[in-house]
Every structure is written in C-alpha cells, then in structure tokens.
Amino acid sequence: MTAVRGVGQFYPVGSPLHELDPRAKVVATALLVVGLFFVDSAAGFAVAGTAAALLVAVSRVPLRVFLGLLRPVAFIVALTFFFQVFFLREGPTLFRWGFVEVHEGGLEMGLLLSARLLILVTTAGLLTATTAPVALADGIEDLLSPLKRLRFPAHEVAMMMTIALRFIPTLGEEAQKISRAQAARGADFTSGGLLARARALVPILVPLTIGAFRRADELAEAMESRGYRGGQGRVRYRELRFRTRDALALVLTVLVVLAAVLL
Amino acid sequence: MKIELRDVRHVYSPGTPFAVEALGGVSLTVEPGEVLGVIGGTGSGKSTLVQHLNLLLLPTSGQVLVDGADALSMDRTALRRRVGLVFQTPEQGLFAPTVEEDVAFAPRRLGLDEGEVRERVREALGLLDAGHLAGRSPFALSGGERRRVAIAGVLAMGPEVLVLDEPTAGLDPTARGDLIGLVVRLKASGVTVVIVSHDLDEVAEVADRVCVLGGGAVRAIGTPADVFYADTSPAPTTVRVAAAVGERRLPGLGRPVRYGETLAALRSAMGGTG
C-alpha cells in the first residue's frame, strides 16, 4: 500500500522539462555532466550552478526532493572539502594554527570540487525526477540502437533497466511489508550496536531475496506466455517524437556547457 | 485488553502527489474476549485499519486507546507483544533454517529463557497442528503448512489480542476449516481475535460482531445477524438462503447466521413437512 518514494525517483508533475523527449534529456544530462569536469573557474561554476537552479525551478519538482537527493552525498562533499582545505598547500596562507594550515588554493579547490559534486547530483536528479522510468529506458534504447550493428544488445540492456527500475518500488514495498511483519514479531531494527543491527536485518533480507527470485521467475513466465521473444520486430505503445523544442533544449545546453567551460 | 480507535484517519504519503486517504475517520472498539470480523472490498481500508491496532501504522489524526489509555504514549514494542498481528500471506516472512527456530524468533526477542522459549514454540506449533514440522525447513513445506507455521510464529509471543489479516486467502478448504477451528479454540482460551476476511461464510462461522468497511469508513457494525440481515446483497450463503426462504413462508425460521444454526432453524421450521 504505502508507496516507497525513494531518492531519485520520477516525480509526476507537469512541467516543460517533463514534456521533453527523453533522448534530448539523456543527451543534455550527459553533456552537462561531462562538461562539469572541464569547468575549472568560479565563473564557470556560477554559470553551471545558475543553469541547474533554473532547471530545478522550471521542473516544478519541490526543492525537498533535491535536498533528499543531496543528503547522502553531503558526507562525500564534506569529506572532499575537508581534504582539499586542510591538505592542499598552494597559494598564500590564510590561516595557521599549530600544524593546521589553510591555503587559498586549498580553499578554492575545496569549494570548486564541492560545487561540482552538488551540481552533478542535482543534474542527474533532474533527469530521473522529470522522466518516467519507462520513457528513460526507451530513450536510452533508442540512443544505443546504432550499436546494434556491432551486436550490442541495446534492447536487452534497456529491458533490463526498465525491469530493474520498475521493481525498485515493488521491492521497497515488500521490504517495508516484511519489516513490519517482523516488527509485529518483536524485531527491533533500531537499537544495539552495528553488529546487532546487521544481524537484525537477516529476518528481512532472507525473505526479501527469496521473494525477488520468485518474482523474477514469475515475470519471466508472464513475459514468455505473452509471446516475448526479445526486441526483434517489437513496436512501442508510446512513440518517441523529437520536436523543435527538444532540439532547442539541446542547443541551449551546448551553449551553457560551452560558456561554463570557457569562462 | 480493550482497543479503541477514535476517529482515526490515515493518509499514505501525505503532502505529496501520491497522497491517498486510506481511512477517513474510523471509530471502532475491540472488546476483550470477542471475535470481531472485519469485512469490506479490496481498498476499503481493512489492512490499514488493522495495522493501527498495534501501531505499526500511526494515525494521521485521531486516537488509539488501549484499556482507556492513550496508546501513542505507550512502549510500542510492549504493545506489539500484546497485540499479535498476522499479515496477509505471513509465510513470506519466514526466514530461519528450521520451523522451530523461526517460531522461536518472537519469544527469544521477549528475552525468555531457553526452556520457556521451547515450551512456547511447542505450544504454538501444537495449536496449529504443526508440531511434526518443527525440524523441517520452512521453505520445504506446502503453502498451507507454511501459513500455519507463520501464524504460530506470532502466537508464540502469547498475545492477548490476535489480529489475522486474510488468514485463509489462497488456502484449500481443509486448511481453511483448520484455521477457523483455531480461531474458535483461541477464543475459548480467552484470546481476543480480530479476523479480516473476504470470505463472508468464514466470518459468519466465528464472529461475535461484524464490522463492514467501505471507502475508508465504517459502513455497519453489530452482531452478524443485524449486519447481514440488514443488507443481504453481500451476505453469507446461510443468510442468503434463510432470507430467500423468508420468515413469511417458514414462520419461526428466525435469523440464523452460522451453518449449524441455519440447518437447525430450517429443520425445526419445516417441522414434520421436511
């Protein structure tokens, strides 16, 4: 019953970003992500950051969805920042206390790396929040289809992705259901040390794994009984259409990335 | 123990586009020692309702009272020991290498000593006619056996109230009959039972009171005769037959609900003519 709305899931509200062709969004995200690694100036990050913020605003996905997305990354960002600030000794010294030294270069590097990580995660989150999993998989299949000539199983890869994405909430629900059932039998997942907590997960993980295998079997049978024979000659219910606005979005992305990299 | 729900509302995923109101103000009392049947179509809120009885789900608004005291301020773990909840298809939660160890999970959590744990396991398995399965792997059992073992796993806690959510779904008629027998035995030993079911015949056999849920609200509550004879469209076979024959054609038929009662009522009303 309870939907498990995890991090990085599709958020179905209407917005211009939701309307875009998934292929355009996948390519644009790839451009932004790759581009971010070539950005090395504060001005460049300001451009990329502003672009990401604008996209978040346009997507109409509530800010807390992105905050939820950033929470697990916060630790990595903090760690990166810490190492850069305290161990990179370049440029004039800003601060010295015993053996602790903070240099300007270190602070700058720390800030830039943190900005890169945060923008990276937000951009990736935008893609999954505004694109339905099935559309995303269709888009990726389409983008990979030229590789079919090289015997790359594009359809199979996309189908695996679709199924995996489709089953994340299902398995989440099942995990929740099983943990409730075990809680009803007195299981306690929140107290005790690390080892006790890990042991407390056994009554959830065993049934969950068994359930996952059972589901996989059932799904394979259901697909075969409906005549699934792989991608050959398969048509789609929803045809992807690449329209002017998709082209426009791509051009805009390229411009933003170029600006951010060159600045 | 007496459990009272007062104007309980429950909304899943509140504040998101996925928000669903599963319960819209339900008030209900589970009296000590009774067997309460909860019926209603799929999506009527039955499963959500029963999870409030041991606070696995917390009400979005409203109150849950246990023996008159606010349950929300009580120790949840202690409450869950007193109110045993058996979920739909509980056999999906089996995990231990042997039946015995699986059933022992709950009593071990209670911190009982090993002798007491063994005694509880033996007792619970005995109640479900599953004593002979103790040494087997739960994954090598039949569907009906696994269901019984899973229910034993909750009974081994020694709950005062046992809540069964669709305990007979997907079982064969013999296994269904056995489970209904279990409810009768539990009641005789003083355990309060709440049984959720789609099978009206089954509810008719065991329930002291029936609660009809629909669209997240209580549509009717009362004795089986009052509830089922007030609206016979979804009623047990016994009630449908008795209502179709009718008091007018067979004076003295009354309002029988259970199979035995109905048979006896029909026999005596038909008198010499039968």
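This is a predicted model: local features need pLDDT of at least 70, side-chain atom pairs count only at pLDDT 80 or more; totals for chains, interfaces and linings use all residues.
Me: What makes T130(A) count as buried?

Reply: T130(A), which lies in helix α5 (residues 104-130) of chain A, has a relative accessibility of 3%. Buried means under 20%, so T130(A) counts as buried at that value.

Me: Which residues does T130(A) touch, leaving out those up to four places away in sequence?

Reply: T130(A) touches F10(A), L17(A), H18(A), K25(A), S59(A) and V61(A).

Me: How do you know that the side chain of T130(A) makes a polar contact with the backbone oxygen of L126(A)?

Reply: The side chain of T130(A) reaches that backbone oxygen of L126(A) at 2.8 Å, and the cut-off for a polar contact is within 3.5 Å.

Me: What is noted about the phi of R151(A)?

Reply: The phi of R151(A) is near 65°, which is a positive value in a residue other than glycine. In chain B, D7(B) also has a positive phi, of about 50°, although D7(B) is not a glycine. D7(B) lies in strand β1 of chain B and, with a relative accessible area of 48%, is partly exposed, given that exposed requires over 50%.

Me: What makes α2(A) roughly perpendicular to α6(A)?

Reply: Helix α2 (residues 22-36) and helix α6 (residues 133-144) of chain A pack at an angle of about 75°, and their axes are 8 Å apart. Angles of 65 to 115 degrees count as roughly perpendicular, so α2(A) is described as roughly perpendicular to α6(A). On the α2(A) side the meeting residues are P22(A), R23(A), V26(A) and V27(A), while α6(A) brings A135(A), L136(A), G139(A), I140(A), D142(A) and L143(A).

Me: Why are β2 and β5 of chain B said to stand at the edges?

Reply: The open sheet in question has four strands in the order β2-β1-β4-β5 (chain B), paired in the antiparallel sense. β2 (20-30) and β5 (69-70) of chain B each have a single partner strand, so one side of each is left without a neighbour in the sheet.

Me: How do you know that β1 and β2 of chain B pair?

Reply: Strands pair if at least two bridges are found between them, and β1 (residues 3-12) and β2(B) are joined in the antiparallel sense over eight bridges. Within this pair, V11(B) stands opposite E21(B) of β2(B).

Me: What makes strand β7 of chain B mostly covered?

Reply: Five of the five residues of β7(B) (residues 161-165) are buried. The cover applies to both faces, with V161(B), V163(B) and D165(B) buried on one side and L162(B) and L164(B) buried on the other.

Me: How do you know that β7(B) pairs with β6 and β8 of chain B?

Reply: The requirement is at least two bridges; four bridges join β6 (residues 83-86) of chain B to β7(B), and five join β7(B) to β8 (residues 192-196) of chain B. The strands run parallel in the pairing of β6(B) with β7(B) and likewise in that of β7(B) with β8(B). L85(B) has V163(B) as its bridge partner in β7(B), whereas L164(B) stands opposite I195(B) in β8(B). Together with helix α6 (residues 173-188) of chain B, β7(B) and β8(B) make a right-handed β-α-β unit.

Me: What makes the link between S47(B) and D165(B) a polar contact?

Reply: The side chains of S47(B) and D165(B) are joined at 2.8 Å, where the cut-off is within 3.5 Å. S47(B) is found in helix α1 (residues 46-52) of chain B and, leaving aside neighbours within four places in sequence, S47(B) is in contact with Q88(B) and D165(B).

Definitions and conventions:
Residues are numbered from 1 along each chain as its sequence is written. Chains are lettered from A and ligands numbered from 1 in the order in which they are written. Side-chain values use heavy atoms; hydrogens and water are left out. Buried means under 20% relative accessible area, exposed over 50%, partly exposed in between (1.4 Å probe, protein chains only). Helices (H or I, at least four residues) and strands (E, at least two) are DSSP runs, numbered from the N terminus. A crossover is right-handed if, with the strands pointing away from the viewer, the path from the first strand over the helix to the second runs clockwise. A polar contact is a pair of N or O atoms within 3.5 Å; within protein, one must be able to donate a hydrogen and the other to accept it, and residues adjacent in sequence count only if both atoms are side-chain atoms. Contact means heavy atoms within 4.5 Å. Axes are lines fitted to C-alpha atoms, for helices over the stretch in contact, and angles run from 0 to 180 degrees between N-to-C directions. Angles under 35 degrees count as roughly parallel, over 145 as roughly antiparallel, 65 to 115 as roughly perpendicular and the rest as oblique.
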